[in-house]
Amino acid sequence: MRRNMVLCGAIVVATAALATRAMAYEAVAVADGGSISGTVKYAGTAPAPAKIPVTKDPEVCGKEGKEKISPDLLVGSDGGVANVVVVVKAAKGKKLDAPAANPVFDQKTCEFHPHVLAFPAGSTVDVLNSDGILHNIHTTSTANPPINQAQPKFKPKIQIKIEKPEWPIKVQCDAHGWMHAYWISQEHPYYAVTGADGSFKISDLPPGDYEVEVWQEKLGKKTEKVTVKAKEDTKVDWSVGKA
Ligand SMILES: [Cu+2]
(Lines give C-alpha, C1' and ligand atoms only; values in the text may rest on other atoms or scores of the structure.)
Protein backbone atom coordinates (compact mmCIF):
# COMPACT_ATOMS: atom_id res chain seq x y z
CA MET A 1 0.00 0.00 0.00
CA ARG A 2 2.72 2.45 1.03
CA ARG A 3 4.73 1.53 -2.06
CA ASN A 4 1.67 2.18 -4.23
CA MET A 5 1.20 5.61 -2.68
CA VAL A 6 4.84 6.51 -3.33
CA LEU A 7 4.55 5.29 -6.91
CA CYS A 8 1.35 7.24 -7.34
CA GLY A 9 3.06 10.39 -6.05
CA ALA A 10 5.94 9.88 -8.44
CA ILE A 11 3.52 9.60 -11.38
CA VAL A 12 1.75 12.83 -10.35
CA VAL A 13 5.06 14.69 -10.14
CA ALA A 14 6.24 13.28 -13.49
CA THR A 15 2.94 14.23 -15.17
CA ALA A 16 3.10 17.76 -13.78
CA ALA A 17 6.69 18.16 -15.02
CA LEU A 18 5.62 16.94 -18.47
CA ALA A 19 2.71 19.41 -18.57
CA THR A 20 5.01 22.28 -17.61
CA ARG A 21 7.47 21.30 -20.30
CA ALA A 22 4.74 20.97 -22.94
CA MET A 23 3.57 24.52 -22.19
CA ALA A 24 7.04 26.07 -22.25
CA TYR A 25 7.80 28.60 -24.94
CA GLU A 26 9.95 27.38 -27.82
CA ALA A 27 12.52 29.73 -29.38
CA VAL A 28 12.81 29.38 -33.16
CA ALA A 29 14.18 31.44 -36.07
CA VAL A 30 11.53 33.83 -37.45
CA ALA A 31 12.35 34.87 -41.02
CA ASP A 32 8.94 35.94 -42.31
CA GLY A 33 7.41 37.46 -39.21
CA GLY A 34 4.42 39.78 -39.22
CA SER A 35 3.26 42.34 -36.71
CA ILE A 36 0.17 43.49 -34.85
CA SER A 37 -0.39 47.18 -34.27
CA GLY A 38 -3.27 49.34 -33.22
CA THR A 39 -4.99 51.03 -30.36
CA VAL A 40 -6.86 50.03 -27.24
CA LYS A 41 -9.72 52.44 -26.58
CA TYR A 42 -12.23 52.90 -23.82
CA ALA A 43 -15.68 51.58 -24.75
CA GLY A 44 -18.23 54.33 -24.14
CA THR A 45 -17.72 57.58 -22.31
CA ALA A 46 -14.66 57.50 -20.12
CA PRO A 47 -15.11 58.49 -16.48
CA ALA A 48 -13.20 61.49 -15.14
CA PRO A 49 -9.87 60.39 -13.69
CA ALA A 50 -9.98 59.51 -10.00
CA LYS A 51 -8.18 61.80 -7.56
CA ILE A 52 -5.87 60.86 -4.71
CA PRO A 53 -5.49 63.16 -1.70
CA VAL A 54 -1.90 63.64 -0.54
CA THR A 55 -1.83 62.78 3.16
CA LYS A 56 1.88 62.44 3.91
CA ASP A 57 5.26 64.01 3.14
CA PRO A 58 3.75 67.05 1.38
CA GLU A 59 7.14 68.68 0.82
CA VAL A 60 7.95 65.86 -1.63
CA CYS A 61 4.64 64.22 -2.57
CA GLY A 62 2.64 67.36 -3.32
CA LYS A 63 1.02 69.99 -1.15
CA GLU A 64 -1.10 68.80 1.77
CA GLY A 65 -4.68 68.57 0.62
CA LYS A 66 -3.67 68.82 -3.02
CA GLU A 67 -4.91 65.94 -5.12
CA LYS A 68 -2.96 63.74 -7.47
CA ILE A 69 -4.53 62.09 -10.49
CA SER A 70 -4.86 58.34 -9.95
CA PRO A 71 -2.95 56.31 -12.55
CA ASP A 72 -5.39 53.39 -12.36
CA LEU A 73 -7.38 54.44 -15.45
CA LEU A 74 -5.97 57.04 -17.82
CA VAL A 75 -7.99 57.73 -20.97
CA GLY A 76 -6.65 60.14 -23.60
CA SER A 77 -8.69 62.77 -25.44
CA ASP A 78 -9.46 60.40 -28.33
CA GLY A 79 -10.38 57.49 -26.05
CA GLY A 80 -7.04 55.66 -26.05
CA VAL A 81 -6.29 53.90 -22.75
CA ALA A 82 -2.76 54.11 -21.34
CA ASN A 83 -0.92 51.30 -19.56
CA VAL A 84 -2.94 48.45 -21.04
CA VAL A 85 -0.92 45.24 -21.15
CA VAL A 86 -1.12 43.30 -24.42
CA VAL A 87 0.32 39.76 -24.43
CA VAL A 88 0.20 37.37 -27.38
CA LYS A 89 -0.33 33.76 -26.34
CA ALA A 90 2.56 32.53 -28.46
CA ALA A 91 3.94 29.00 -28.09
CA LYS A 92 6.99 29.66 -30.22
CA GLY A 93 8.87 32.49 -31.88
CA LYS A 94 11.84 34.75 -31.41
CA LYS A 95 14.29 34.04 -28.65
CA LEU A 96 13.73 36.07 -25.52
CA ASP A 97 16.75 38.33 -25.28
CA ALA A 98 17.88 39.96 -22.09
CA PRO A 99 17.25 43.71 -22.23
CA ALA A 100 20.17 45.89 -23.39
CA ALA A 101 19.90 47.78 -20.10
CA ASN A 102 18.14 47.00 -16.85
CA PRO A 103 14.51 48.15 -16.74
CA VAL A 104 14.25 51.25 -14.54
CA PHE A 105 11.53 51.78 -11.95
CA ASP A 106 11.63 55.15 -10.23
CA GLN A 107 9.88 56.69 -7.24
CA LYS A 108 9.34 60.35 -7.92
CA THR A 109 6.96 62.79 -6.20
CA CYS A 110 5.59 59.70 -4.42
CA GLU A 111 4.53 58.00 -7.63
CA PHE A 112 5.96 54.94 -9.32
CA HIS A 113 7.33 55.53 -12.82
CA PRO A 114 6.41 53.86 -15.05
CA HIS A 115 3.07 52.80 -13.68
CA VAL A 116 3.27 49.53 -15.65
CA LEU A 117 6.74 48.13 -16.27
CA ALA A 118 7.09 45.13 -18.62
CA PHE A 119 10.32 43.19 -19.06
CA PRO A 120 11.69 39.74 -19.95
CA ALA A 121 11.72 37.22 -17.11
CA GLY A 122 15.21 37.05 -15.62
CA SER A 123 15.65 40.84 -15.73
CA THR A 124 17.12 42.83 -12.88
CA VAL A 125 14.99 45.90 -12.16
CA ASP A 126 16.89 49.03 -11.11
CA VAL A 127 14.62 50.54 -8.47
CA LEU A 128 15.46 54.23 -7.99
CA ASN A 129 14.42 56.57 -5.23
CA SER A 130 14.55 60.06 -6.71
CA ASP A 131 12.54 61.45 -3.80
CA GLY A 132 15.10 61.05 -1.06
CA ILE A 133 12.48 59.97 1.48
CA LEU A 134 11.52 56.53 2.76
CA HIS A 135 9.61 54.37 0.29
CA ASN A 136 9.30 50.61 0.09
CA ILE A 137 8.81 48.01 -2.58
CA HIS A 138 6.20 45.49 -1.53
CA THR A 139 5.04 42.87 -4.04
CA THR A 140 2.50 40.12 -3.73
CA SER A 141 4.11 37.82 -6.29
CA THR A 142 3.37 34.12 -6.21
CA ALA A 143 5.53 32.56 -8.96
CA ASN A 144 8.46 34.70 -7.76
CA PRO A 145 9.38 35.25 -4.13
CA PRO A 146 7.35 38.17 -2.69
CA ILE A 147 9.45 41.25 -1.97
CA ASN A 148 9.11 43.67 0.93
CA GLN A 149 12.13 45.91 0.90
CA ALA A 150 12.42 49.35 2.47
CA GLN A 151 14.25 51.97 0.46
CA PRO A 152 15.36 54.75 2.81
CA LYS A 153 16.65 58.06 1.50
CA PHE A 154 20.30 56.99 1.64
CA LYS A 155 19.61 54.18 -0.85
CA PRO A 156 19.10 55.85 -4.23
CA LYS A 157 19.13 52.50 -6.04
CA ILE A 158 18.29 48.91 -5.19
CA GLN A 159 18.26 46.01 -7.64
CA ILE A 160 15.62 43.31 -7.72
CA LYS A 161 15.85 40.29 -9.99
CA ILE A 162 12.62 38.73 -11.23
CA GLU A 163 13.49 35.23 -12.38
CA LYS A 164 10.19 33.77 -13.50
CA PRO A 165 7.42 34.86 -15.85
CA GLU A 166 4.52 36.28 -13.87
CA TRP A 167 1.99 39.03 -14.53
CA PRO A 168 0.62 41.23 -13.24
CA ILE A 169 2.80 41.59 -10.13
CA LYS A 170 1.32 44.34 -7.99
CA VAL A 171 3.88 46.64 -6.37
CA GLN A 172 2.90 48.84 -3.44
CA CYS A 173 4.59 51.28 -1.11
CA ASP A 174 3.53 50.77 2.49
CA ALA A 175 4.69 54.27 3.44
CA HIS A 176 2.31 55.96 0.98
CA GLY A 177 -0.93 54.05 0.62
CA TRP A 178 -1.78 55.50 -2.78
CA MET A 179 1.47 54.35 -4.44
CA HIS A 180 0.97 51.27 -6.56
CA ALA A 181 2.21 49.93 -9.88
CA TYR A 182 2.51 46.68 -11.81
CA TRP A 183 5.43 44.64 -13.07
CA ILE A 184 4.91 42.38 -16.06
CA SER A 185 7.52 39.60 -16.34
CA GLN A 186 7.28 37.72 -19.62
CA GLU A 187 8.60 34.43 -20.98
CA HIS A 188 8.65 35.57 -24.64
CA PRO A 189 9.12 38.85 -26.51
CA TYR A 190 5.53 39.25 -27.75
CA TYR A 191 4.11 41.78 -25.31
CA ALA A 192 3.52 45.52 -25.15
CA VAL A 193 2.17 48.22 -22.86
CA THR A 194 0.03 50.89 -24.51
CA GLY A 195 1.30 54.45 -24.60
CA ALA A 196 -0.62 57.53 -23.44
CA ASP A 197 -2.69 57.41 -26.67
CA GLY A 198 -3.53 53.70 -26.26
CA SER A 199 -1.28 52.60 -29.11
CA PHE A 200 0.99 49.57 -29.24
CA LYS A 201 2.92 47.41 -31.71
CA ILE A 202 4.23 43.85 -31.45
CA SER A 203 6.63 42.70 -34.19
CA ASP A 204 8.31 39.59 -35.63
CA LEU A 205 5.56 37.11 -34.87
CA PRO A 206 5.54 33.85 -36.82
CA PRO A 207 2.50 33.87 -39.17
CA GLY A 208 -0.58 32.18 -37.71
CA ASP A 209 -3.72 32.59 -35.64
CA TYR A 210 -3.29 33.91 -32.12
CA GLU A 211 -5.19 34.70 -29.02
CA VAL A 212 -4.09 37.92 -27.38
CA GLU A 213 -4.67 38.84 -23.74
CA VAL A 214 -5.57 42.46 -23.11
CA TRP A 215 -5.42 43.56 -19.46
CA GLN A 216 -6.19 46.80 -17.70
CA GLU A 217 -5.93 46.94 -13.92
CA LYS A 218 -9.42 48.37 -13.31
CA LEU A 219 -11.26 46.85 -16.25
CA GLY A 220 -9.83 43.32 -16.12
CA LYS A 221 -8.63 40.91 -18.76
CA LYS A 222 -10.17 39.98 -22.10
CA THR A 223 -9.03 37.81 -24.98
CA GLU A 224 -8.91 38.96 -28.61
CA LYS A 225 -8.21 36.89 -31.71
CA VAL A 226 -5.92 37.95 -34.50
CA THR A 227 -4.36 36.47 -37.63
CA VAL A 228 -0.78 37.40 -38.41
CA LYS A 229 0.39 37.15 -42.03
CA ALA A 230 3.99 36.85 -43.23
CA LYS A 231 5.72 40.23 -43.45
CA GLU A 232 2.46 42.13 -43.00
CA ASP A 233 1.14 44.38 -40.27
CA THR A 234 -2.30 43.45 -38.95
CA LYS A 235 -4.15 46.55 -37.74
CA VAL A 236 -6.40 46.11 -34.74
CA ASP A 237 -8.79 48.39 -32.95
CA TRP A 238 -9.67 46.94 -29.58
CA SER A 239 -11.66 48.27 -26.70
CA VAL A 240 -11.79 47.76 -22.95
CA GLY A 241 -14.57 48.71 -20.58
CA LYS A 242 -18.29 48.08 -20.66
CA ALA A 243 -18.89 46.94 -24.25
CU1 LIG B 1 6.32 55.67 -0.84
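Four donors count as tetrahedral if all angles lie between 85 and 135 degrees, and donors are N, O and S atoms within 2.8 Å of the metal (3.2 Å for Na, K and Ca), with water not among the atoms, so sites may look incomplete. Keep that in mind as you look at this predicted model, where local features need pLDDT of at least 70, side-chain atom pairs count only at pLDDT 80 or more, and totals for chains, interfaces and linings use all residues. Residues are numbered from 1 along each chain as its sequence is written, and side-chain values use heavy atoms, leaving out hydrogens and water.

Let's start with the metal. The copper ion has the protein donors His135 (ND1), Cys173 (SG), His176 (ND1) and Met179 (SD), which lie 2.0 to 2.7 Å from it. The angles subtended by these four donor atoms are 95 to 131°, so the arrangement is tetrahedral. Along the sequence, the donor residues follow the spacing H-x37-C-x2-H-x2-M. Cysteine 173 is buried (under 20% relative accessible area, while exposed is over 50% and partly exposed in between, with a 1.4 Å probe and protein chains only), at a relative accessible area of 3%. Histidine 176 is buried too.

Next comes the disulfide. A disulfide is a covalent bond between the sulfur atoms of two cysteines; here it is taken as a pair of cysteine sulfur atoms within 2.5 Å. The whole structure has one, joining cysteine 61 to cysteine 110 with an S to S distance of 1.9 Å. The pair links distant parts of the chain, 49 residues apart: cysteine 61 is in helix H2, and cysteine 110 is in the loop between strand S7 and strand S8. Helices (H or I, at least four residues) and strands (E, at least two) are DSSP runs, numbered from the N terminus. The torsion about the S-S bond of cysteine 61 and cysteine 110 is about -60°, so this disulfide is left-handed.

Now for the sheet. Five strands form an open sheet in the order S9-S15-S14-S11-S12, with mixed pairing. Two strands pair if DSSP finds at least two bridges between them. The edge strands, S9 and S12, each pair on one side only. S11 and S12 pair in the antiparallel sense over four bridges.

| Cis peptide bond | Omega |
|---|---|
| histidine 113 and proline 114 | about -5° |
| tryptophan 167 and proline 168 | about -10° |

Proline 114 is found in the loop between S8 and S9, whereas proline 168 is in strand S14.

Technical notes
Four donors count as tetrahedral if all angles lie between 85 and 135 degrees; four count as square planar and six as octahedral if opposite donors are over 155 degrees apart and all others between 65 and 115; anything else is irregular.
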